[in-house]
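Work through the exercises below with the structure in view. Try each task before reading its solution.

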Amino acid sequence: MPYLVANDLPRESAGRRFRALLAQPEILQLPGAHNGMAALQARAAGFQGLYLSGAAMTASMGLPDLGVITVDEVAFFVRQIVRSSGLPVLVDGDTGYGEALNVMHMVRTFEDAGAGAVHLEDQLLPKKCGHLNDKKLADARDMAAKVTAAKKASRDIVIIARTDAAASEGLDGAVARAQLYVEAGADAIFPEALNTREMFTAFAQRMPGVKLLANMTEFGKTPFFTASEFQDMGYRMVIWPVSSLRVANKAQADLYASIARDGGAHNMVDRMQTRSELYELIGLHDYEALDASIVQTVVPDVMLQREPS
C-alpha cells in the first residue's frame, strides 16, 4: 500500500531508521531515486533506503550540477521521495549552500523534510561532479567547521563528510582530511572518485572503525564493482546516484525520436509502463477508497492495434 495511505506509518525518525539500516551486517544499498515515481519503483524492488543525487536532481530540472539550486528546491524533492516511498533517504548536500550557518540551515531543512542522512563535500563553489577534473577544494579546517556545524544542527539525521581530495592530494591527503572530519563529528566518510580496488581497500584499512560510503556511478573514474565487492573492501554503504535518471532519459529520448519519425508513439507501446501498472504502483484505488465521493476508476480495455488507414 502506498506510504501516504498506509496504516503502518513509521514512528521513528528517518535518521534513526537510517542508523538501524547501517547497523545491519550487509552493506546498505542505496539506489538513486530522482523523483517520487523512481522511489516507488525502487521500494517495489525491495530496497530499504534511497539516495537523492544532486547531479540527477539538477539534470531532471535541465540544469548542470554546479551548485546553482537552493536548499528549498532540494527539500521539495526530499519531501516527494519520502512521501511516496516512506523510506529513509540519503541526500546530497553539495557544499552546504554556504558557510557554517548555511550548513546548519540545510541540515534542519532536510531533516524536517524527512531525510535520514546528508552528505557534505569539501569543494568550493562552483562545485563539480566528483568524477570531473580540476575540482577546487576548501581548506580542510573550514570543511571540518562545516561538519561540526552540521552535527550541532542535527537531531537524528546522519552526517556524512565527503572528500574529493584523492584526485589532487592523493590517498594520503584524502585520508588526512577524512580523519579530521571524523574528529569534527562526522558519522561516516565518503571518499569520492577512488579509481582502483587497491585505493578503496587502502582507504578503508586506514580508517578502521569508520563507516564508509562508496559511489558506484557510471561513466566516471571508478571501475564497476558490485555491492558485495565493496563490502569486502570495507564499505558499509554504496550508492548508484544517477543510474535511474540515465535509464529514464535514454528511454525518453528513444520515445521522442520514435514520435518524430513515425508520427506517433504506437511503435513504443511495448516499452511503456501500462496504465494498470502505473495505477497499481501509485495506489490509485487506495486513494479512491479513502474518499467515497470518488467513483473507483475502471481501467479501459487496452487497444494496441492501429486502425487500418
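**Exercise 1.** Which residue in S3 is the bridge partner of Leu52?

*Solution.* The model is predicted: local features need pLDDT of at least 70, side-chain atom pairs count only at pLDDT 80 or more, and totals for chains, interfaces and linings use all residues. Residues are numbered from 1 along each chain as its sequence is written, and side-chain values use heavy atoms, with hydrogens and water left out.

Step 1. Find the strands, which are DSSP runs of E with at least two residues, as helices are runs of H or I with at least four, numbered from the N terminus. S2 covers residues 50-52 and pairs with S3 in the parallel sense over three bridges; two strands pair if DSSP finds at least two bridges between them.

Step 2. Read off the partner: Leu52 is bridged to Val91.

**Exercise 2.** Describe how the chain gets from S3 to S4.

*Solution.* Step 1. S4 (residues 117-121) is paired with S3 in the parallel sense, again over three bridges. Asp92 stands opposite His119 in S4.

Step 1. Between the two strands the chain passes through helix H5 (residues 100-113), and this β-α-β crossover is right-handed. That is, with the strands pointing away from the viewer, the path from the first strand over the helix to the second runs clockwise.

**Exercise 3.** Why do the buried residues of H1 line one face of the helix?

*Solution.* Step 1. List the buried residues of H1 (residues 14-22): Ala14, Gly15, Arg17, Phe18, Leu21 and Leu22.

Step 1. Seen down the axis of H1, these residues fall within an arc of 165°, so they line one face. The arc is that of the directions from the helix axis to the C-beta atoms.

Step 2. The buried residues of H1 pack against several strands, including S3 and S4.

Note on methods: Buried means under 20% relative accessible area, exposed over 50%, partly exposed in between (1.4 Å probe, protein chains only). Contact means heavy atoms within 4.5 Å.
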